[in-house]
Amino acid sequence: MSIVLVGVSHKTAPVEIRERLAFAESRICDALHQLVDRELISEGVIVSTCNRVEVIAATPKQHETEAAISHLYDFIHRYHSCDAATLNKHCYHRSETAAVKHIFRVTSSLDSMVVGEPQITGQVKEAFQRAQEAESVGHLLTRLMNRAFAVAKRVRNETGIGSSAVSISFVAVELAKKVFENLQGTTVMLVGAGEMAELAAKHLLNYGASRILIVNRTYEKAVALAQEMKGEPVRFEDFNKRLPEADIVICSTGATNYLISPDQVRRALETRRNHPILLVDISVPRNIDPAIGDLDNAFVFDVDDLQSIAEANRSEREREALRAEAIIEMEVERFAAAMAEGDLNAVIGAFRREVSALAFTELERSRKRLGNLSDDQEDALRVMLNAIVNKLTHPVIKQLRESEDGHSLYLAAWRDLYHKKGEKDEKDEG
Amino acid sequence: MTILLMIALLLYLAGAFYSIIIFATKSDRPGRELIALIGAGFSAHTAAIVIDWSYLGYYPIVNPKDVSSFIAWAIVLYYLVMSSRYHVRALPAFILPLVFVFTLISLLLPDPGLPLPLVLEGAISTNTITQVIFPVHVTLVIFSYAAFIVTFISGIMYLVQERELKAKHFGAAFQRLPALNTCDEIGYRSLSIGFALLTLGVVTGIVWNNQRDGRYWHNDPKEVMALVTWFIYLFIMHYRLTAGWRGRRVALLSIVGFVVVLLTWLGARALGGYHVFG
């Protein structure tokens, strides 16, 4: 059994190519059925996100990974009716341990556009679930993918790769956590409706913020957005009255002057009995007077501040990524060793079955000439044959298990022997 | 029991190192190992105190050596109780080195042995009420100090974290220290607990005075300082409850309060007076 994959990612292809090669979610099941022919390709998983497409497969034919890879290219070529030249130019392929490593790196978010972003692990998990539903995964890919998820978890736990925010909208969450610790029970107030501000508000809600108030000069817009985000629309005139309720204010409007003054915040803080308030200004020009930052228990950040935090976190992440790579190396080695172990057991099993079958076929052949045997005699014969099989195979198995360096060589020779034999048998039957 | 105290000291040292490493590497390791280490140290320490008590026949907290050991014990107990509620990685990294230092001081200080100071002699042997009140007084006051130490540490963490946020400087401290609200909550909770204990401690002290020699108040430096401490913490509590003071202001005041605690505890000794033990 071998693992092969063909893929395309943001590193190798522009978005026009990626979107042409993407697999629609609803059609992945069909695609998997087309991919897995149960001959050259025995198992398959398709990961398709906006940044990458990975067609991962297992082939039972150890020495034909190249054939399996070209089969994958053919499959993509036929499925998307995309010309071969484009595919060759933008796709990459991996096999065996290189494939394992690639899958571990992708799942652990080391190959992502934003290294360490957490979504990819979930996306790979979904892809694997879909493959399970389509019954296109068997023993090998199940083991591989589960290992990949465990590795991703390990990388996340043991390195700081995902610990800090690298996008502006996530930095707002990070800052809120540094003030409130836990966002449960906090109220977010969204002023205006910039895309970035909406995204930040959504992240805050995802991280536990309980309530969102939406303020807009045009009340209808506030109502529409409130419906979308399950929030509460607030009239612009009521802004001052409602400000004390807000723990986190996110502001993004087209106004050219300061909309929130130190005086307003001072009054809000009094009403709040000095419970801290975090104000995030994503508008350019700024809408929140930076002088508010001089008040105790009020914290103001503008877009430049967020940017510089994101920048600093990004370089921190790059350092952590190096540690993650070391973990991946280790895990790939472990997985490869476990696979070889599994291979060895499979070969040993096949060998034992073969010899045992031989012995019992001979018994059946001579059965007639033995005449009537009592049950005891029958048993004695079986015990004897089993003993001969064991004694015969034992030194060979021992040799196989003990030969560390020659291991793979021996293994390949044995596998070839049985593999070819298997094929011949099939032909005989046909 | 010196040997048990030494075992406790080593376990506290291991705990201090462990927590500092967790703090420095931002590791997400669960604190179970740490709690086990500290719990073992605490058990050895408790055994040492209990054995001393039964051996001496009186509450073994009469001299600075005893007090150092007991305050370390109280801080650990306080931390163990608190850690079930707050999982703040930064806190043990500050608390445990202090625990280690107090335990070490206790081991290094010479044992003054007998005779005991005169006032204590009376307290231990005269009548049952003073025999009970003295240990209660000492225990309450030392536990209040342990709580105030935690308030002090939270206050410092708050101020450092607040400065990072206000200066928009997100360095090592920013990532490692807990959120402002957490610092504030731990600080205030410890302050309330410490204040309640100190109040009871002062009251039992006054009662003990009267039992011993018929006078409630001696104008002893330590008595006066204790009262000043009490008023400072009362002041903070009052404004917290009435005006909602919190954050920076409370953090600063609790640092001031702790400095006065230190003066009461150590400084009053230098000023003389009869209340010189511990």
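**Two chains, seen from one helix outwards**

On the face of helix α12 of chain A that points away from its buried side sit the exposed residues D263(A) and E270(A). Everything described here comes from a predicted model. The helix itself runs over residues 262-271 of chain A, and its buried members are V265(A), A268(A) and L269(A). Those residues span an arc of only 100° around the axis, so they end up on the same side of α12(A). What do they pack against? Just past the end of α12(A) comes R273(A), with a positive phi of about 50°.

Stepping back to the whole of chain A, the count is 15 helices and 10 strands. The chain's radius of gyration comes to 31 Å, while the globule rule gives 22 Å for 430 residues; the value is well over that figure, so chain A is more spread out than a compact globule. The box filled by its C-alpha atoms tells of the dimensions: roughly 110 × 50 × 40 Å along the principal axes. Of the 430 residues in chain A, 37% count as buried. Taking the contacts in chain A with a separation of 6 or more, 70% are between residues 24 or more positions apart.

One residue gives a closer look at another helix of chain A. F335(A) belongs to α13, which covers residues 303-367. Is F335(A) buried or exposed? It has 21 C-beta neighbours inside 10 Å, and a residue needs 20 or more to be called buried, so F335(A) counts as buried. Leaving aside residues up to four places away in sequence, F335(A) touches V100(A) and R147(A).

Within chain B, the domain assignment gives domain 1 (1-114) and domain 2 (124-278). Their C-alpha centres lie 20 Å apart. The contact between these two domains of chain B draws 21 residues from domain 1 and 21 residues from domain 2. Which elements supply the domain 1 side? Those giving two or more residues there are α3 (64-83) and α4 (90-108) of chain B. Of the elements on that side, α3(B) gives the most, with 7 residues. As for the classes, the side of domain 1 of chain B that touches domain 2 has 19 nonpolar residues, along with 1 polar and 1 charged.

Methods
Residues numbered from 1 in each chain as written. Chains lettered and ligands numbered in written order. Predicted model: local features only at pLDDT ≥ 70, side-chain atom pairs only at ≥ 80, totals over all residues. Domains from an automatic or database assignment. Contact = placed C-beta atoms within 7 Å. Helix = DSSP H or I, 4+ residues; strand = E, 2+ residues; numbered from the N terminus. Nonpolar A, V, L, I, M, F, W, Y, C, P; charged D, E, K, R; others polar. Rg over C-alpha atoms; globule rule 2.2 N^0.38 Å. Buried ≥ 20, exposed ≤ 12 C-beta atoms within 10 Å, placed from the backbone. Arc of directions from axis to C-beta.
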